[in-house]
Structures are given as structure tokens and as C-alpha cells.
Amino acid sequence: MQTMNMKTEGVPALPAPLLGLLATGAGMSVAALYYSQPMLGRMAADLQTTPSAAGAVPTLTQLGYALGIALLAPLGDRFDRRVIILVKAAVLAAMLLATAAAPSLHLLLATSLAIGLAATLAQDIVPAAATLAPAAERGKAVGTVMTGLLLGILLSRVVSGFVAEHWHWRAVYAGAAVGVAAVGLAAWRLLPRFAATTQLGYGALLASLAQLWRKHPALRRATAAQALLSVGFSAFWSTLAVMLQAAPFHIGASVAGAFGLAGAAGALAAPLAGRLADRSGPGRVARLGAGLAAVSFVAMGLGASLPVAAQLVLLALGAVAFDLGVQATLVAHQSIVYGIDPAARSRLNAVLLTGMFVGMAVGSALGATLLAHAGWAAVMALAAAASGLAWWLRR
């Protein structure tokens, strides 16, 4: 088995089958964080608990993901990323199966946290793609893998909503476990080994995250801006299904989940964002993306008084636009941080993504509270304000 090290930066283009596997693996692993959102009502009814109690499921998965990025993702610089990817794939598949069989809310919450930790597999895959790709094509390769990751986030809601409405919510997790296991087997066959880029012990490795944060203003700016965008992103997607199931819409889980298709259209632009970052600079792409997200949230908030049909059209168009903005900005920010220090890519990515998923957890919590006490317009005001502040940080 070939071992990849820092000298491979100038190798030929990443083989298409391997790039496709990395994109698929990133998407399937991160999708596990979002399956629950369109089917929380069904999960609550099946487990005989309240929807608000079931709402802790997506919050715990996102918090677990943020914790896993901070505590586990840096290990990619210290150990062979191939081994880490294979171990996390096995653990994630096992936790998805445990969730499918969970007999109570308490066990479901425990497995949800574990899913979040293991789903950081996605954040071992993205630095792997950045290392395997030639330097001149890094933005394109990262953008392609991010397309898979972002499609996993968005299409997970479509799949889980449809399956939960026509079969059972437990079938969603059982099927996901089979898919992750298949990705792990393919990675075992196709993925090369990676040489460690540091010999730091675990404590020193974690301590170096703070050192990187203090040393690199570009890392701080990218992390803060992406975290703010993630507040709006998560506030929208974690409350959309609940809002659409209530008056005046009364839309079921499968239709609510299908709104992920609208957002998926924006995810397809991630490779384009990567190419633009390679050519014209990632800072410009990040600024444009944050501005587009802010404008989209403002438009959706102002449209809350429109007739139902017009609101649905505006929501679909807004989902395309703001997802395009958020995802383009994420690709640009990853291009920025991966270029800071090639020997610390896993740790730099850990800092960026920890901020991002803490923002998502905050967005889920604030979005649910605002929807319950002040309505959808307040959720959109939160998302617009957070995105506007992200744009200000990137100007």
C-alpha cells in the first residue's frame, strides 16, 4: 500500500474513482447528523415523548460533531488518516444501527451524541483530499468533496422525510448504517496510507490548536465568519419542517424534507466556488457568499406575510440562494486555512469546523426558541443578522 507524504503535493490529478469515493464518504457520514430533523414528530410519537424533548436529538448530534472535531480531527496530523477513516466508519455504522434499535429517548440521545462524534469521519476525508490533490487543483478537489458533503447534509432531509413517512424512521438509520459500512469497505480497498506530519503527543497536539488560533489572523477571521453563517443555516433548516407542518401550510414530513432539494441545487456550485478560489482568491468568494446569504434571509423574512403559495416559492428560491452562499463561503474558507500550514491541515480544519458546528448547534437552539415564542420572521431576522455580520468580517 502506497504511503502519501508531503512530497506528493505535485503528483498528477487525483484519480476520479478515489475522488468520487471521498465525496461519497463525506456526504454519507455528515448526513447522519441531519436525518432526524424532518421526522422529529414521528420519533417523539414512537418513543412516547414530546416534540421539544425529541428536539434534543439534532442538537446533541451537532454538539457531538463539534466536540469530535476539536478532540479527534487533529489526530489526522499525528496518525495515518487511512486508519482513522476506517475506524470511524466502523464506529459510525455501529452507532447508526444502535439508533435504529433504540427503545427509549435516553438511549436515542446517547447514540445521537456518539453519531456526532463518529461523523467527524467527514473532516478526515476533506484534508485527505487536499493532501492527495496537486497544489494547483486543491480548490477544485476540495470543492468536489465538499459538494458530496453538502449534498449529504441537504439530501439527508429529503431521504429521511420520505422514508419516515412511507416506512418508519428506524429504517432511515438502518439503511444509513449499511451505506456507511459500504463506504468503509471501499476505502479499505482504494485509500492509500498517509504519513504523519507531526510527532506531537495528544496533549500537545490539542494545545497546538490554541497556538494556531493565536498565530494566524486568517484562521480566526475564517472561523468567526463561518460560525456566524452556520447560525443562520442551522436556524433555517432545524425549524423549517416544524414551521411547514403548522398553519397555514400543514405540510407533511416528506414534502418538508423535499425542500432539501432546493438547497441541494446550491451545493452543486461548490466545485465552481473552488475553481474561483483557485483563480481569483478565496477572500473574494467568501465575501460574495456571505452577502448572498444575508440578502436571501432578509427576502424570506420580508415574505412571511405573502400568500401561502408565494411564500413556498420564495422559501425554495431562498434555500437555493443562501445555501449557495454558505457553501461557497465554506469552500473558500477551507482553501484559505489549508494554505496556511500544510503540515497542520487536520488541526486547522478542526479549528474552522469546530467553530462552524458550534454555530450550527447555537442556530438550532436559538431557532427553535424564536420559532416557538416569536414566529418564523424572528428566525429569519436572526439568520439575516448573523450572515450580515459574517459579511462584515470578510469585507
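Which residues of helix 8 are buried? The points below begin with this matter and then turn to other parts of the model.

1. **Basis of the note.** The structure is a predicted model, in which local features need pLDDT of at least 70, side-chain atom pairs count only at pLDDT 80 or more, and totals for chains, interfaces and linings use all residues. Residues are numbered from 1 along each chain as its sequence is written, and side-chain values use heavy atoms, with hydrogens and water left out.

2. **Helix 8.** The buried residues of this helix are Ala122, Gln123, Asp124, Ile125, Val126, Pro127, Ala128, Ala129, Ala130, Thr131 and Leu132. Helices are DSSP runs (H or I, at least four residues), numbered from the N terminus.

3. **Helix 10.** The 22 residues of helix 10 (residues 169-190) should span 32 Å at 1.5 Å a residue, and the end C-alpha atoms are 32 Å apart, which agrees. The expected span is 1.5 Å times one less than the number of residues. Among the buried residues of helix 10 are Trp169, Val172, Tyr173, Ala176 and Val180. An α-helix has 3.6 residues a turn, so residues three or four places apart point the same way. The cover over the buried residues of helix 10 includes helix 1 (16-31), helix 2, helix 6 (81-100), helix 7 (105-118) and helix 9 (138-166).

4. Thr329 lies in helix 16 (residues 308-338) and counts as buried because its relative accessibility is 1%. Not counting residues up to four places away in sequence, Thr329 touches Gln226, Leu229, Val285, Ala286, Gly289 and Ala290; contact means heavy atoms within 4.5 Å. A polar atom of the Thr329 side chain lies 3.4 Å from the backbone oxygen of Ala286. Leu317 also lies in helix 16, but Leu317 is exposed, with a relative accessible area of 56%.

5. **The largest pocket.** What is the volume of the largest pocket? The value is about 420 Å³. A pocket is an open set of points on a 1 Å grid over the protein atoms alone where a 1.4 Å probe fits, with protein on both sides within 12 Å along at least five of seven lines; lining residues have an atom within 4 Å of a point. Of the 19 lining residues, the closest to the centre of the largest pocket are Leu40, Pro51, Gly55, Val242 and Ala368.

Note on methods:
Grid points are joined across faces, edges and corners, and a volume is the space filled by probe spheres set on the points. Helices (H or I, at least four residues) and strands (E, at least two) are DSSP runs, numbered from the N terminus. Buried means under 20% relative accessible area, exposed over 50%, partly exposed in between (1.4 Å probe, protein chains only). A polar contact is a pair of N or O atoms within 3.5 Å; within protein, one must be able to donate a hydrogen and the other to accept it, and residues adjacent in sequence count only if both atoms are side-chain atoms.
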